[in-house]
Amino acid sequence: MTDSALEEVVAELLDLDPDGSRMATTIRNTLDQLYDGQHTGRYRWDQLHKTEKTHCGTLVEINLQRDFFFRDGDKLDYEIAGHEVDCKYSQSMGGWMVPNEAHNELCLVVTASDTAARWSAGVVRMKEENLGAGRNRDAKRSLSPVGRADIRWLQHDAELPPNILLMLSQGEVDQIFEARSGQKRINQLFRTVQGQRITRGVIATVAQQDDYMKRVRENGGARTHLRKEGIVILGEYQAHRQIARQLGVVEPQRGECVSVRLCRAEGGVEINGGSWAVATDADPVVEAPVLPKVSVVS
């Protein structure tokens, strides 16, 4: 029998976020909020206290409601498409614990791994046959294998905006953080990580300053410092994303930057009156062009 309420909730969520990018950004921002790298320098799940890890599910629930403007439910967390929906987050796939009040109700189940940079979210009816027999000390029950197979996935094993610090070697991370000033740490970040998306949360963690984005910009930021080394820093602007496409490097998304070293090349990408391509190790270092000055984000 078709669960019309579940279908309506799934349709509403897919209409709000067809490709999952909004929810992925919410999860990324929630993890960064927990790390609070701007003030603590933390960037890994294992650096969190036990109470902070426990609080992650609550923050995901709150931030999803704020970012998607879900109405409060009378009984459960949200009202979506006119139906009550509970929100459950687990760090591990299938680890969601279901309270008695959610029995036979719809749940939005979410999981993410920052280390793997993957996430999943789906909707499932917490009917009896979808729940395991065991209960924890709070009388909560987990999804059974049948229940996990019954999840209607919105996104399954999708890409999470990357925490690039987790993808570097410990030596590379140490080299970035050993500088005493935030500006020097940011400069080293963009030297070390080229051709990859660097999120605002990573920039805040490395700079550990209130004005951390100032450390990226022109007029004394990394764009100025690294130009002599041939490195440009592409931002979320349409003009910058177009340059990224033409250069064949990954495009920065909202709140992200991508650095790349350039070399002069005939028939290359026109930037500020010159012709440029992505440099190889064999290409000499030349001063990079000034990127277009733009004010409208994509």
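A residue is called buried under 20% relative accessible area, exposed over 50% and partly exposed in between, with a 1.4 Å probe and protein chains only. The model is predicted, so local features need pLDDT of at least 70 and side-chain atom pairs count only at pLDDT 80 or more, while totals for chains, interfaces and linings use all residues. Residues are numbered from 1 along each chain as its sequence is written, and side-chain values use heavy atoms, with hydrogens and water left out.

Of the 298 residues of the chain, 49% are buried. The C-alpha atoms fill a box of roughly 65 × 40 × 30 Å along the principal axes. The secondary structure comprises 10 helices and 12 strands. These elements are DSSP runs, with helices being H or I of at least four residues and strands being E of at least two, numbered from the N terminus. Contact is taken as heavy atoms within 4.5 Å. Among contacts between residues at least 6 apart in sequence, 55% join residues at least 24 apart.

The chain exposes about 14,800 Å², and carbon and sulfur atoms supply 46% of that area. Accessible areas come from the Shrake-Rupley method with a 1.4 Å probe; for residues, only the protein chains shown count as cover. The chain carries 37 positive and 43 negative side chains. Lys and Arg count as positive and Asp and Glu as negative, leaving out His and the chain ends. The centres of the two sets lie 6 Å apart, with each charge placed at NZ of Lys, CZ of Arg, CG of Asp or CD of Glu.

An open sheet is built from six strands in the order 1-2-3-5-6-8, with mixed pairing. Its edges are strand 1 (71-72) and strand 8 (152-159), each of which pairs on one side only. Two strands pair if DSSP finds at least two bridges between them. Strand 5 (residues 106-113) and strand 6 (residues 118-125) run antiparallel and are joined by eight bridges. L106 has R125 of strand 6 as its bridge partner. V110 stands opposite A121 in strand 6. Four residues lie between the strands of this hairpin, where A117 takes a positive phi near 55°. Strand 6 also pairs with strand 8, in the antiparallel sense, over five bridges. There, W119 stands opposite A158 of strand 8. Seven of the eight residues of strand 6 are buried, so the strand is mostly covered.

Helix 4 (residues 50-68) lies across strand 1, strand 2, strand 3 and strand 5. Helix 4 runs at about 140° to strand 3. Axes are lines fitted to C-alpha atoms, for helices over the stretch in contact, and angles run from 0 to 180 degrees between N-to-C directions.

Helix 8 (residues 200-207) is largely enclosed by the rest of the structure, because seven of its eight residues are buried. The buried set is G201, V202, I203, A204, T205, V206 and A207. Their cover includes helix 2 (21-35), helix 3 (37-40), helix 6 (170-177) and helix 7 (182-192). Strand 9 (198-199) and strand 11 (256-271) are also included in that cover. Q208 follows helix 8 and has a positive phi near 50°.

D32 lies in helix 2. D32 counts as buried because its relative accessibility is 19%. Leaving aside residues up to four places away in sequence, D32 touches G37 and G201. D36 sits in the loop between helix 2 and helix 3. With a relative accessible area of 29%, D36 is partly exposed.

Most residues other than glycine have a negative phi. D36 has a positive phi, near 50°. N219, which is not a glycine, has a positive phi of about 60°.

N219 lies in the loop between helix 8 and helix 9 (222-227). At 79% relative accessibility, N219 is exposed. K214 is found in the loop between helix 8 and helix 9. Its relative accessibility is 47%, so K214 counts as partly exposed. K214 and Q183 are 31 residues apart in sequence, and their C-alpha atoms are 9.1 Å apart in space.
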